[in-house]
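Hello,

Here is the structure we spoke about. Please look through it alongside the notes that follow.

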Amino acid sequence: MPGSGSRPGDGDGPRALVIGGGIGGLTAAVALHREGWQVTVLERAPAIEAVGAGLGLTPNSLRALDVIGLGDTVRSMRAWQAEGGLRTPSGRWLCRTSQDAAAARFGGPFVLLHRATLVSMLRSRLPEGALVTGADAAIADPGGADRPAVVRHGELEHEAELVVAADGVHSAARSALFPGAPAPRYAGFTAWRLVVPAPDVAYAPHETWGRGVLWGTQPLHDGRVYAYAAAAAPEGERAPDDEHAELRRRFGAWHDPVPAILDAAGPDDVLRNDVFEAAVPLPALHRGRVAVLGDAAHAMPPTLGQGGNQAVEDAIVLAHHAAPGADVPEALAAYTRDRLPRTSEVVRRAVRVGRLVTLTSAPVCALRDAAMAAMNRLAPHLALRALDGIADWSPPGHDGSVAARSAGTGTDGDGTEGARTDGTGAEGGPGSG
Ligand SMILES: Cc1cc2nc3c(=O)[nH]c(=O)nc-3n(C[C@H](O)[C@H](O)[C@H](O)COP(=O)(O)OP(=O)(O)OC[C@H]3O[C@@H](n4cnc5c(N)ncnc54)[C@H](O)[C@@H]3O)c2cc1C
């Protein structure tokens, strides 16, 4: 075991170290702290709140947030939403759905908030000093049944009974723990995100699919608007001038409110990220005393809007198994058993929807659109059905009524027969992005 083994923080509880202060790492830190762990979060960035744009949370993660007392606070941030759905670039509706239908189907609303809002709420539930920013951390030893894990941070080595690796899609911790596992691969498309004041035109929340491109617009509770776009593009490609100009070139002639949103934005408002996916699941979500969670464990395209939601689920399930005093390696084996099959399936479905997003052939896209419209006529709320088996999840200990209903007779919350899809024919919709 390397190093002198310093232990960060004061107090008597068992020590847990979290690498990464994103949504997954912070949720895990709060949940473990509530269980009695003495938690320190090591975050590489100098600040954690100034990052990101809109984040769609679905009923599954809101129920997970209930476990740490945050679910209702987040639900109260639900923006009023009229009917929304999927459109074509000319504005034709392919299918529509509504918050009421989502709530009936999945047992609760969809909420869109700014990522920074959730980060700030989570941070405020951690004790003073529990978050250390500017701390580039690495696993020095994953530990085992008879020895603690060791995390290196600069010149320091810290021992911990439990380590949470939540260091995102390009996780160095994952590579150290599973050196033979392939890194997430480029998904074939890039994404833009922006948050702007609400435009002066009426609009319904929508996701609009073109040829190898899509655009989504969703209201935030504070009156602003979150818009996102995606396009099939070579990995690493960037606009020759700026990304706002690139969005104008690609989407400037689309239906309202897209041009008005572009008018309200400037170059500094637009974030661009290439999208990566973990095509091959990890062999386990833990090694020794280290649990891997969130994008570090199962990066997925945002086509079902589930990356952050699954990170929150991971964190709550991890804390459920890893009570202080529990045998940590055994608790982490239970965490892998619970989470690996589910997250692998969500990744698989998100990747399949991603394949539809990147279709560029005009006839194939016309067929896709016709098929979606026809399927929606046969069984309404097509966009919601993409989340069957995902958004109806409940955390351990929850009464499970929504999950039980969904898995039961096959009658959906909206009264239609429960033709659960596998994600090949239903996509996007509220919360996706
Ligand atoms: C365009 C787009 C739209 C999306 N929309 C949604 C949505 O609507 N809903 C949804 O649920 N998800 C969405 N996602 C996915 C979601 O953003 C991610 O899945 C989620 O942020 C993952 O959280 P995380 O905590 O695992 O990782 P991250 O948020 O990436 O956090 C990882 C943290 O670890 C830190 N870190 C990295 N290396 C180190 C190190 N060595 N030491 C210390 N710290 C380190 C990083 O600085 C970072 O703060 C979207 C993604 C994209 C690209």
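V163 touches residues well away from its own stretch of sequence: beyond four places along the chain, V163 is in contact with L17, I19, I139, A149, V151, R289, V290 and A291. Please bear in mind that this is a predicted model.

V163 belongs to strand 11, residues 162-165. From that strand, V163 and A165 point one way, while L162 and V164 point the other way; all four are buried.

Strand 11 has two pairings to report. Strand 1 (residues 15-19) runs parallel to strand 11 and is joined to it by four bridges; here I19 has A165 as its bridge partner. Strand 18 (residues 290-292) also pairs with strand 11 in the parallel sense, over three bridges.

As for the packing, the largest nonpolar core holds 70 residues, and the members that touch the most others are L65, V74, L118 and V163. Helix 1 (residues 23-35) supplies the largest share of this core, with seven residues. There is also a second, separate core of 37 residues, with A191, A230, M300 and A386 among them.

On confidence, the average pLDDT for the chain is 88, and 88% of the residues score at least 70. Residues 1-10 are below 50, although the model gives this stretch 27 contacts beyond near neighbours in sequence. Residues 401-433 also stay under 50, with 91 contacts beyond four places in sequence.

Regards

Conventions:
Residues numbered from 1 in each chain as written. Predicted model: local features only at pLDDT ≥ 70, side-chain atom pairs only at ≥ 80, totals over all residues. Heavy atoms only, no water. Buried < 20%, exposed > 50% of the residue type's maximum accessible area, 1.4 Å probe, protein only. Pairing = 2+ DSSP bridges. Core = buried A, V, L, I, M, F, W, Y, C linked by side-chain atoms within 4.5 Å. Contact = heavy atoms within 4.5 Å. pLDDT = per-residue confidence, 0-100.
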